[in-house]
Amino acid sequence: MVCLVLNAQARTHHTCQNQFMMSTEAPLWSQRATIEAVAEKKQVMIDENLVEQFVCGVKDIHLRRRLLWHPDITMQQAVDEARAAELSEQSTADIQRMQPLPPSPPALPVCPPPAMQACLIDELVLLEDPSSEQVVQLRAQPRRPPPPPAAPATSGCVGCGSCHARTACPFKGMVCHRCGKKDHIAQVCRASLPAPSFLQKHAAPQTQPCHQPPRPARRAEDCYAVNQPDVAGETLSQASAGAQKVSAVLHLEGQPCRMEVDSGSFRSLLSWATFSRLCPHISCDQLQPVDTSLRDYQGTLIPTLGSFPIWVDYGDFHGRLPVLIVKNSQPALLGLDWFPSLGLSIGGLHRVAAYSLEDVLTEFADIFDGQLGSYKGTPISLNLDPQVAPIQLKARRVPFALRAKVDAELDKLLAQGVLEPVDHSRWETPIVVPVKPDGSVQICADSKSTINFALQANPYPVPVVQHLLHSLEQGCTFAKLDMAQSYQQLPVDGNVAAAQTIVTHRGAFRCRRLQFGISLAPGIFQSLMERLLHGLPGMVPYFDEVLIAASSHSKLIEMLRKVLLRFRGVGLKLKRRKCSFAVPRVEFLGFLIDTQGIHPTPAKVCSWVLRGWPLGKVADSFRPFKARQAELSLHGGCLIWGNWVVIPSTLRAQVLPLLHKDHAGIAQMKVLARSYVWWCLLDSEIAAYVGRCTTCQLSRPNPPAGPSREWEGPRGLWSRLHVDFAGPFHGQTFLIVVDAYSRWVELVLMSSTSAESMVRDLRRLFATHGLPDIIVSDNGPQFTSTTFQEILACQGIQHVPTAPYHPA
């Protein structure tokens with residue numbers, strides 16, 4: 001018996017794959033023919049040697065490495081891997097034969113192949129983490145001589161396996177007994193080869209034998225992940241595939257948890273050990289069932305316990321996100337399903353980034369470079385009425401105090417290409433030079449006296465400010481964009497440029513861009529801005545200003561980037577110093593907009609006080625000011641109503657603590673405020689401020705009022721009656737009886753309010769509607785009298801008096 005075992009081992013140790021045979025047939029079936037004679041009690045040892053010889057006899061070095069990677073591989077698993085490798089090689093060869101061959105390069109001298117070296121099977125050791133000393137020891141071991149080179153293999157017929165042409169196969173047209181298809185026999189049928197385990201989608205996972213040790217945990221380099229700094233919102237990147245993993249620190253259920261950012265996983269994962277630490281009160285039965293099967297990159301099935309909506313805090317996001325709970329000890333993975341909610345995006349290969357405001361402004365620095373933009377669309381064309389004769393007016397005098405500023409503005413427009421000097425033109429329009437708040441001047445054409453007579457009315461309506469503000473979505477963070485020289489960023493054609501010619505103290509200039517003062521310019525520009533930003537929610541364009549409202553900081557950055565992309569696409573530019581980004585409140589079109597809504601600004605009211613109030617309707621927030629327009633005035637830059645200073649909303653938070661400095665209470669605080677200041681809803685804000693003061697609440701004389709109690713519902717009609725006297729009214733007194741169930745009212749004119757008169761009238765009502773169960777009344781003398789109490793006791797009616805000063 002021992003000799004047979006040794007003989008089998010000796011034969012298998014010297015067995016190597018023949019190049020003429022397939023890798024799954026030569027080592028396997030030739031060795032099994034010898035081992036069948038071995039006794040059954042030595043079968044375990046022979047199977048182990050068989051696996052070792054099968055693995056080491058494989059010629060493909062890549063397949064051998066994959067097989068050696070598994071320390072507990074079985075014979076069936078090794079056969080599956082080898083068959084899968086053969087199928088992939090045959091499929092690749094078939095595809096290459098069907099594709100046209102490229103021109104062959106010049107022949108190169110053939111070098112002899114290096115000698116193949118193999119380790120001794122008896123001394124083969126699988127190293128999980130090989131060190132340098134172990135590698136040196138393995139290299140110092142004796143090696144076997146390389147096998148002699150074999151003759152080149154010839155391709156056989158795919159229909160029967162013999163060495164002849166496919167067209168001359170005698171089995172052509174035969175039906176296979178395995179798969180039922182024609183033109184081949186069962187001996188060479190590819191359908192008889194089972195697919196490997198990681199290609200079988202619905203196959204049940206194979207259970208490991210009891211005597212095999214558990215598989216080692218995955219190494220760190222096997223996980224697909226990328227690395228990330230601990231600070232949320234910073235750029236997460238990976239330079240190469242071998243770089244350190246990117247991880248992000250999130251707060252799950254209020255506890256910090258480091259998760260690997262995995263752009264290759266569509267679902268986020270947590271192991272049961274990590275989930276139990278974060279949610280110790282959740283059991284496995286409370287998880288939501290899922291029909292998703294998970295496999296790692298090697299095809300191994302990952303058991304899934306269920307799904308759970310876990311609370312996540314990361315940056316500006318605070319909410320619940322679904323996560324899969326797995327049974328094995330897996331690293332926490334942040335998959336693609338969480339990317340949109342957390343504001344993450346894939347910016348390139350191996351790069352995950354959360355855009356910040358600085359990143360967006362840096363990316364679009366060309367839009368804020370201070371240069372004049374030029375619209376890339378069709379130049380503006382105006383239709384002039386041919387029946388209107390061209391008008392030429394002479395230049396107007398410029399004040400000496402403004403001449404230097406006007407010259408500087410003309411030089412700037414000439415350098416930008418907006419103006420072009422000409423000798424004369426059919427249309428010549430004088431200029432006006434309004435002074436801006438910063439002290440500079442703006443050159444505008446007085447077109448109302450020349451070219452506007454030949455222009456037809458623009459059909460595009462200018463939007464109403466109130467309509468724009470009401471269409472604005474609710475937001476908590478805002479951004480306002482302001483264009484630089486808005487109209488002058490739109491080029492015009494040659495005819496319009498000649499018709500816009502202006503005359504100054506320095507001569508005539510043809511305007512190559514759309515000018516301020518043209519009657520059609522507002523409608524043209526508003527139409528262009530609305531078409532440019534169409535389809536973007538949360539945007540309100542009004543001429544050269546654009547307001548953006550978003551519900552979170554990350555959403556605002558996303559919307560801002562979309563707007564700037566469209567501006568860059570058409571060549572428009574913005575003025576950086578007049579723009580606002582990510583602010584809690586913004587002033588837009590004379591209104592102050594924040595999370596609470598739309599409020600009036602003192603600047604708007606002050607302009608109306610100085611220049612006159614509008615004749616039509618105004619916004620609801622301006623109605624209190626318009627109602628007092630005759631009493632409003634300006635003094636030292638402050639808006640005054642009578643003897644009171646109107647406090648703007650931005651300063652009210654500073655005025656209220658001054659009025660409440662001595663904790664005088666609501667009444668005294670109102671008296672003090674009405675002596676100096678005023679604003680809308682002043683009394684309600686004072687009451688709310690005192691209610692939030694801890695000192696005032698501790699020293700208040702009366703306890704807080706308790707919640708009112710509701711009566712229980714009556715069981716039916718005429719079950720509970722509420723009775724009371726009303727009057728005197730015109731010298732008459734009435735007895736009012738109300739049914740609590742139907743709200744039916746009985747009104748009785750009383751000649752006397754004595755208890756006897758009341759009992760007599762109640763008897764008449766009882767005879768009509770029946771006896772009630774309960775009568776509710778106050779503590780008046782008629783209802784507490786002995787006469788009334790005796791009647792109720794005789795009839796079995798319960799009397800419920802109400803508390804003093806609390807009518808029912």
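1. The crossing of helices α18 and α19 is right-handed, in what is a predicted model throughout. Helix α18 covers residues 666-673 and helix α19 covers residues 682-691, and the two pack at an angle of about 140° with their axes 10 Å apart. Because only angles over 145 degrees count as roughly antiparallel, α18 and α19 are classed as oblique to each other.

2. As for the residues behind this packing, α18 contributes I666, M669, K670 and A673, while α19 contributes L682, D683, I686, A687, Y689 and V690. Sorted by class, the residues of the contact of α18 with α19 comprise eight nonpolar and two charged, with no polar residue among them.

3. Helix α19 also packs against helix α17 (residues 652-659), here at an angle of about 65° and with the axes 11 Å apart; the crossing of α17 and α19 is right-handed. On the α17 side the contact involves R652, L656 and P657, and on the α19 side E685, I686 and Y689. By class, the contact of α17 with α19 holds four nonpolar residues, two charged ones and no polar one.

4. Turning to the aromatic residues, the structure holds 11 aromatic pairs. One of them joins F275 and F308 in an edge-to-face arrangement, with 5.2 Å centre to centre and 70° between the planes. This pair links distant parts of the chain, since F275 belongs to helix α7 (residues 272-278) and F308 to strand β7 (residues 304-314), 33 residues apart. F275 is buried, because its relative accessible area is 0%, and F308 is likewise buried, with a relative accessible area of 12%.

5. Another aromatic pair, formed by Y487 and F525, is tilted, with 5.4 Å centre to centre and 55° between the planes. Here too distant parts of the chain are linked: Y487 lies in the loop between β15 (477-482) and α12 (494-499), whereas F525 lies in helix α13 (residues 521-532), the two being 38 residues apart. Y487 has a relative accessibility of 11% and therefore counts as buried, and F525, at 0%, counts as buried as well.

6. Beyond these two pairs, F625, W641, W644 and W678 are linked by ring pairs into a cluster.

7. Some points of backbone geometry deserve a careful look, given that most residues other than glycine have a negative phi, and most peptide bonds are trans. The peptide bond from G727 to P728 is cis, with omega near 0°, and P728 has its place in strand β28 (residues 720-729).

8. A582, which is found in strand β20 (residues 580-583), has a phi near 50°, a positive value in a residue other than glycine. Its relative accessibility is 28%, so A582 counts as partly exposed.

9. L681 also has a positive phi, near 60°, and is a residue other than glycine. L681 is found in the loop between β27 (677-678) and α19, and because its relative accessibility is 64%, L681 counts as exposed.

Notes
Residues are numbered from 1 along each chain as its sequence is written. This is a predicted model: local features need pLDDT of at least 70, side-chain atom pairs count only at pLDDT 80 or more; totals for chains, interfaces and linings use all residues. Side-chain values use heavy atoms; hydrogens and water are left out. Axes are lines fitted to C-alpha atoms, for helices over the stretch in contact, and angles run from 0 to 180 degrees between N-to-C directions. Helices (H or I, at least four residues) and strands (E, at least two) are DSSP runs, numbered from the N terminus. Angles under 35 degrees count as roughly parallel, over 145 as roughly antiparallel, 65 to 115 as roughly perpendicular and the rest as oblique. A crossing is left-handed if the near helix is turned anticlockwise from the far one by less than a right angle, and right-handed if clockwise. Contact means heavy atoms within 4.5 Å. Ala, Val, Leu, Ile, Met, Phe, Trp, Tyr, Cys and Pro count as nonpolar, Asp, Glu, Lys and Arg as charged, and the others, Gly among them, as polar. Rings of Phe, Tyr and Trp (its six-membered ring) pair if their centres lie within 6.5 Å; planes under 30 degrees apart count as stacked, over 60 as edge-to-face and the rest as tilted. Buried means under 20% relative accessible area, exposed over 50%, partly exposed in between (1.4 Å probe, protein chains only).
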